[in-house]
Amino acid sequence: MSSRRDALPLRPFGATGLEVPPLGLGAGPAGDPGLSEAEAERLLGTALDEGIALVDTAPSYGLSEERIGRHLARRRGGFVLSTKLGYGVPGVPDWTGPCITAGVERALRLLSTDVLDVAHLHSCPLDVLLRGDVVEALSRAVCAGKARVAAYSGEGDALAWAVDSGAFGAVQASVSVCDQGSLDGPLARAAARGLGVLAKRSLANAAWSGAPPTPGDAAAAAYRERWSALSLADLGLEPAELALRFTAFAPGVSSALAGTRTPERLRTLAAIVRKGPLADEIVAEVRRRWRERGAGWPGMI
Ligand SMILES: NC(=O)c1ccc[n+]([C@@H]2O[C@H](COP(=O)([O-])OP(=O)(O)OC[C@H]3O[C@@H](n4cnc5c(N)ncnc54)[C@H](OP(=O)(O)O)[C@@H]3O)[C@@H](O)[C@H]2O)c1
């Protein structure tokens, strides 16, 4: 267990009043039914022991929400809890106001908590946001004290609208060496407006690993091509370190969410973030290559 001496420092989560560490746990892997209950408990516990006091989950992450409820409820005061909404409530049509309202109750029950710190609309398109009912239902959950921060997770025109709408206190978007397109536009505006910003896919889904992407995972497949087109291996840094230090210290990013199945890798990721930002010339080179070779690449949902 880490001592408080090397706990990760906290940063303001925009103007929300919450504070988050530069590294958050993407708790998708913790929901994998292939992990035993004891393995999931160890993974989640290691995150908090390492000072990774932010846990991001979703209804689509397998057993993740119920495992967080089961294994972290007694440590609930020690971390920021982020989840997603919009689908997956039995008997309620997806992407409707009632689905948000019932989804909040479902999440509170599964997560064994009385408040969600960050509640995202999980990747709905712009037309759903513009319809109003879903955004209003989320806002009512905040007014009722069931969620602290209304947030949107997604990319492109919907992300841009969410940032500018005034309806959200935070956004979640893909940010990595292989996904830099939102940094200068919507995420810079988000930070300037006082929104918290969570960076998803911060390791570019380990694009450097020789492992084939999971079938159907378009983002992971795209990132492998981008990693190679950007020739990032020739920068001379260990890939996970290059990727995570780039994202965790990117301007405007409050916290980089990273996913892993293993406590050992989680400790490695925390140690990487403790090293602080990359040298300015490395960041400048990663940004230069993106502008030169990747400027038209879209953010990956
Ligand atoms: N809102 C959304 O729609 C959305 C979409 C995607 C992601 N997210 C959030 O962002 C989180 C992270 O995204 P992600 O898991 O898709 O991608 P990621 O964090 O960019 O990459 C995860 C991959 O990196 C590998 N990895 C982890 N640590 C490593 C290390 N030290 N060295 C080498 N490889 C390492 C993991 O493999 P091992 O498991 O084998 O370590 C896993 O394959 C998610 O869990 C979720 O919270 C949200």
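A cavity is a set of grid points where a 1.4 Å probe fits but cannot get out, and its lining residues have an atom within 4 Å of a point. In this predicted model, the lining of the largest cavity consists of Pro59, Lys84, Leu85, Gly86, Tyr87, Val89, Cys99, Gly103, Arg106 and Ala107. The search of the whole structure returned 1 cavity of 30 Å³ or more, and the volume of the largest cavity is about 50 Å³. Two elements, β5 (80–85) and α3 (97–110), each contribute at least two residues to this lining. The largest share, 4 residues, is provided by α3. By residue class, the lining of the largest cavity comprises 6 nonpolar, 2 polar and 2 charged residues.

The search also concerned open spaces, or pockets. The largest pocket has a volume of about 1,400 Å³. Its lining is formed by 46 residues, and those nearest the centre of the pocket are Pro29, Arg201, Asn205, Gly259 and Thr260. At least two lining residues come from each of α8 (218–229), β10 and α10. Of the elements, α10 gives the most to the lining of the largest pocket, namely 4 residues. The lining of this pocket contains 18 nonpolar, 18 polar and 10 charged residues.

Around the ligand are 27 residues, among which Asp56, Ser153, Leu203, Asn205 and Thr260 come nearest. The shell around the ligand is made up of 11 nonpolar, 10 polar and 6 charged residues. Both β10 (255–258) and α10 (263–274) supply at least two residues each to this shell; these two elements likewise each supply at least two residues to the lining of the largest pocket.

Individual polar atoms of the protein were then considered in relation to oxygen atoms of the ligand. For Leu203, a backbone N or O atom is located 2.9 Å from a ligand oxygen atom. For His122, the atom concerned belongs to the side chain: a polar side-chain atom lies 3.0 Å from an oxygen atom of the ligand. For Arg201, a polar backbone atom is found 3.5 Å from a ligand oxygen atom. On its own, the ligand has 900 Å² of accessible area, of which the protein covers 83%.

Technical notes. Residues are numbered from 1 along each chain as its sequence is written. This is a predicted model: local features need pLDDT of at least 70, side-chain atom pairs count only at pLDDT 80 or more; totals for chains, interfaces and linings use all residues. Side-chain values use heavy atoms; hydrogens and water are left out. A residue is near a molecule or strand if one of its heavy atoms lies within 4 Å of it. A polar contact is a pair of N or O atoms within 3.5 Å; within protein, one must be able to donate a hydrogen and the other to accept it, and residues adjacent in sequence count only if both atoms are side-chain atoms. Accessible areas come from the Shrake-Rupley method with a 1.4 Å probe; for residues, only the protein chains shown count as cover. Ala, Val, Leu, Ile, Met, Phe, Trp, Tyr, Cys and Pro count as nonpolar, Asp, Glu, Lys and Arg as charged, and the others, Gly among them, as polar. On a 1 Å grid over the protein atoms alone, a cavity is a set of points where a 1.4 Å probe fits but cannot get out, and a pocket is an open set with protein on both sides within 12 Å along at least five of seven lines; lining residues have an atom within 4 Å of a point. Grid points are joined across faces, edges and corners, and a volume is the space filled by probe spheres set on the points.
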